[in-house]
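Q: Please take a close look at the aromatic rings here. Which of them pair up, and where do they sit?

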Amino acid sequence: MKKKLGTVFATGVSLLVVGAAWQTPGSAPGQGKKISPPTFYKDVVPILQNECQSCHRSGEAAPMPLVTYEQTRPWAGKMAAAVEMKMMPPWFADPRYGHFANDPSLSGEQISTIEAWEKAGAPAGDARDAPAPRKWNEGWNIPQPDLVVKMPKPAGIPARGEVEYTYDIVATHLAEDKWVQMAEVRPSSAAHVHHAVVYIRPPDSPWLRHAPVGEPFTASMLSDPEERRQAHETTSDLLLVYAPGSAPDRWADGTAKFVPAGSDLVFQMHYTTNGEAASDETSVGLVFAKSAPKRRVITLQLNNHALLIPPGAEDFRVEVQGTVPNDATLLSLFPHMHLRGKRFEYDIVHDDGSVETLLRVNYHFHWQLSYKLAEPRELKAGTRLRAVAWYDNSRNNPHNPDPEKMVRWGDQTSDEMMVGFFDVAVPAWMDKWQYFIRHGQVGGKKQ
């Protein structure tokens with residue numbers, strides 16, 4: 001991810017800015033009072049504080065901090081080019097479909113301000129015009145966690161080759177049930193993490209009960225064939241999913257994820273090599289809800305494991321559909337593909353055959369984002385959801401590792417996946433298992 005961000009800002013792009021002269025609106029050239037160009041302290045730093053510094057500050061994912069004038073000035077040209085092309089901040093939703101609460105896109109006015117500042121020579125201006133520096137919680141993009149669960153031992157990552165999925169089962173030592181309102185994954189070696197999935201394993205769950213606890217392992221290290229299979233297939237609740245570009249999960253007041261007392265967290269880590277050996281000790285920070293919520297968040301997914309992408313296919317389509325078993329509120333959408341991913345779409349297919357597109361993403365492997373609905377969508381039981389993915393397995397795809405390969409589902413980035421994660425809110429008493437019971441009573445309560 002660091003390498004990719006560096007590539008974005010290192011791309012040489014010539015930029016044409018219309019209106020080099022600074023004049024009052026509506027005045028003809030040479031007439032009217034000239035307006036001073038934007039300055040860093042008065043005009044640019046407020047944009048950086050609100051839109052950029054969550055990543056562009058020391059210790060975060062971006063390759064350069066953009067906090068002080070001295071840090072920012074050398075990047076003025078690259079910044080102007082990146083925002084003009086809408087490469088930064090990263091956002092890949094097609095604007096024709098849906099509205100999203102976490103859309104970081106700059107306004108036209110903000111883009112114009114950065115362009116004009118760069119065109120004027122990136123002046124500093126008067127430091128007294130600057131807003132107070134934004135206070136960040138060091139090490140986290142959420143408030144200081146109530147609980148940090150960290151892999152007890154580092155997982156070794158070789159310099160080259162493919163790395164089998166690495167698992168780590170870590171006890172939470174929770175003495176009572178907890179509702180998690182915010183959660184964030186923090187790899188110690190983010191440049192090597194393709195993705196991380198953190199599962200909740202309640203104390204009564206039989207999942208991976210013979211696997212080691214507190215030390216990294218892979219499925220091939222397990223002696224029981226059934227547990228080797230279980231490592232890749234589980235119905236356990238997801239706490240959260242991390243991928244390059246991911247933001248922390250923050251649930252609205254009254255909604256949260258549930259972690260039973262005595263649970264373990266199971267880290268599934270997909271490491272990739274980059275020519276440098278490393279080790280990683282990923283942590284998860286949890287902020288607990290201050291009171292029991294009315295609604296529980298559960299993460300579901302639409303998968304198509306049967307994908308088979310022919311060699312050279314430029315726009316290969318794969319889809320999967322499923323119906324909602326009970327009423328729920330749709331909160332967010334998180335598509336996942338690998339290097340051949342091109343586009344991903346979520347739809348509601350209505351009874352009359354019409355299709356309502358909720359999200360279409362021009363997929364970017366190095367920026368896998370969750371898209372939070374600005375207005376959560378009520379889904380009635382029986383609603384048909386569809387996920388559609390398109391893949392580019394041709395030579396025109398610069399990220400394609402082998403355009404001559406028939407591509408199947410697989411763990412490694414040289415393989416492919418088609419996963420449409422989505423988060424829904426259900427009544428707090430209803431867990432994931434109960435949600436999939438369609439008729440009668442559940443847990444003593446009517447549906």
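**Aromatic pairs**

A: A search of the whole structure finds 13 aromatic pairs. The model is predicted, so local features need pLDDT of at least 70 and side-chain atom pairs count only at pLDDT 80 or more, while totals for chains, interfaces and linings use all residues. Residues are numbered from 1 along each chain as its sequence is written, and side-chain values use heavy atoms, with hydrogens and water left out.

Take Y41 and Y69. Their ring centres are 6.3 Å apart and their planes meet at 35 degrees, so the pair is tilted. Here, rings of Phe, Tyr and Trp (its six-membered ring) pair if their centres lie within 6.5 Å; planes under 30 degrees apart are stacked, over 60 edge-to-face, and the rest tilted. Y41 belongs to helix α2 (residues 40-51) and Y69 to helix α3 (residues 69-72), so the pair ties together parts 28 residues apart in sequence. Helices (H or I, at least four residues) and strands (E, at least two) are DSSP runs, numbered from the N terminus.

Buried means under 20% relative accessible area, exposed over 50%, and partly exposed in between (1.4 Å probe, protein chains only).

Another pair is F334 with F421. This one is edge-to-face: 6.0 Å from centre to centre, with 75 degrees between the planes. It links distant parts of the chain. F334 lies in strand β16 (residues 328-336) and F421 in strand β22 (residues 419-427), 87 residues apart. F334 counts as buried, at 9% relative accessibility. F421 is buried as well, with a relative accessible area of 10%.

Now return to Y41 and Y69. Together with F40 and W117, they form one aromatic cluster.

One more ring deserves a look. R343 lies over the face of W390, at 4.4 Å from the ring centre. A charge sits over a ring if NZ of Lys or CZ of Arg is within 6 Å of the ring centre and within 35 degrees of the ring normal.

Finally, another helix for orientation. Helix α4 spans residues 76-84, and its buried residues include A76, M79, A80, A81, A82 and V83. After α4 comes K86, with a positive phi near 60 degrees.
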